[in-house]
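Please look at how charged side chains pair in the model shown here, and follow the pairs one after another.

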Amino acid sequence: MKIVHSIFLKIALSMGLIMYFAYAVPTGKYANLYLIGVSAFTALFLPIFTLISTYLEQKGFRLTGSMFLSKLAKLVWQSFYNFLALGLLVKGNIIDPNNLKMIGGLIGAVCLTSLASQGLQYLAITLSNHDKGNRFANIFFALSLNVIISALAALGYKNVQVFFVIMGLMLGVIGVLISLITDIWGLLPSKGGIGLFLGTFNPVHKSHVAILKDFIDKRQLDKVYIHPTVIPKIHQYLLDKEMIKIVDQRAGKRYYEKSAIADPLVNFFPTGQVFYEAENRLFMLKVAIKEAGLENKVEIFFEPNLYQKDGFYAIIKAIKKRHPHTQRGERHDNTENNSSIRFVFEFERRPKRSTIWTNSAVS
């Protein structure tokens, strides 16, 4: 019965109740079977819905390499669910179709609800990445806020409808359109500057080196810093909470498993349960860089204490301090009085199949 303790299930049950009361309290239709059915379905289906949503986003990115298309796949799936839920509430006379005209009818309400959901979740996760609140608590608050506001807007509260339209459009820009800008930026890269290549490199393989060479050549970079993480920040959090555990350490590797109290609905190991020890990954990186002839362009920046404090944000800040005149903007010639170099970033992307770069023995 471990599933009873799942944080996903608890959030889902809470969201079902919030949806029920968000519509039942203003309308007084507590016994409406459509409302009860939609709320119960939300409570029971939300964990599966979330897993499918995450899968579509990750699969979309792996297939296309596009942040926008992966976000769009997730948005389409969420819109399908919202269309089903709101459509049933209209059919059950909980929502008057006339009250939806100001927000674009049923389709407009679905789109705004989905856009706002993505944007609010993006903000919630970003805050938790900066140690501002708990990740799950932030997401729960974001989803609850979206359900309540969208419900009041759908029920015809004029002031809420105005806010709902503005919120949906603004958060849509944050949650979806920024990814489009990111894609365009990647297709039309700026030239020159300092590059950062961030990831676990577990272990470094030929694809990493190919990406690194392409990164340097296409961007005409002056220098690239590589930062290998000792342990992903989320794994350290889960270890501290005793949700995962290290079950074995041998041959320079550590093996992870879920603990007895781990959430059964959460995939804690999307890239595998075996990690090379940090010093071994560091050694393999140095060998790979040397064998690729990139020592004059690439430097390993290994600061585990900084990463532990504030993740990749701390690493980026530290690199910027090394280059105080570096900024995002037009690149100028480097002089003593005026040097302006652009920072560009590349995050590790894990291919379906990867060949380890070096076969050097690691103990």
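This is a predicted model: local features need pLDDT of at least 70, side-chain atom pairs count only at pLDDT 80 or more; totals for chains, interfaces and linings use all residues.

Side chains of opposite charge can pair when their charged atoms come close. Here the side chains of glutamate 57 and lysine 71 form a salt bridge, with 3.0 Å from N to O. Because glutamate 57 belongs to helix 2 (residues 33–64) whereas lysine 71 belongs to helix 3 (residues 67–91), this pair ties together parts of the chain that are 14 residues apart in sequence.

Glutamate 57 also takes part in a salt bridge with lysine 74, where the closest N and O atoms are 3.5 Å apart. This second pair likewise links distant parts of the chain, since lysine 74 sits in helix 3 and glutamate 57 in helix 2, 17 residues apart. Lysine 74 is buried, as is glutamate 57. Taken together, Glu57, Lys71 and Lys74 are linked in a network of salt bridges.

A further pair is found within helix 7, where the side chains of lysine 218 and aspartate 214 meet in a salt bridge at 3.7 Å, N to O. Because lysine 218 and aspartate 214 are 4 residues apart in helix 7 (residues 206–219), about one helical turn separates them. Aspartate 214 has a relative accessibility of 36%, and therefore counts as partly exposed, a class that lies between buried, under 20%, and exposed, over 50%.

For the model as a whole, the count comes to 7 salt bridges, among them the pairs of glutamate 57 with lysine 71 and of lysine 218 with aspartate 214.

Key
Residues are numbered from 1 along each chain as its sequence is written. Side-chain values use heavy atoms; hydrogens and water are left out. A salt bridge is a side-chain nitrogen of Lys or Arg within 4 Å of a carboxyl oxygen of Asp or Glu. Helices (H or I, at least four residues) and strands (E, at least two) are DSSP runs, numbered from the N terminus. Buried means under 20% relative accessible area, exposed over 50%, partly exposed in between (1.4 Å probe, protein chains only).
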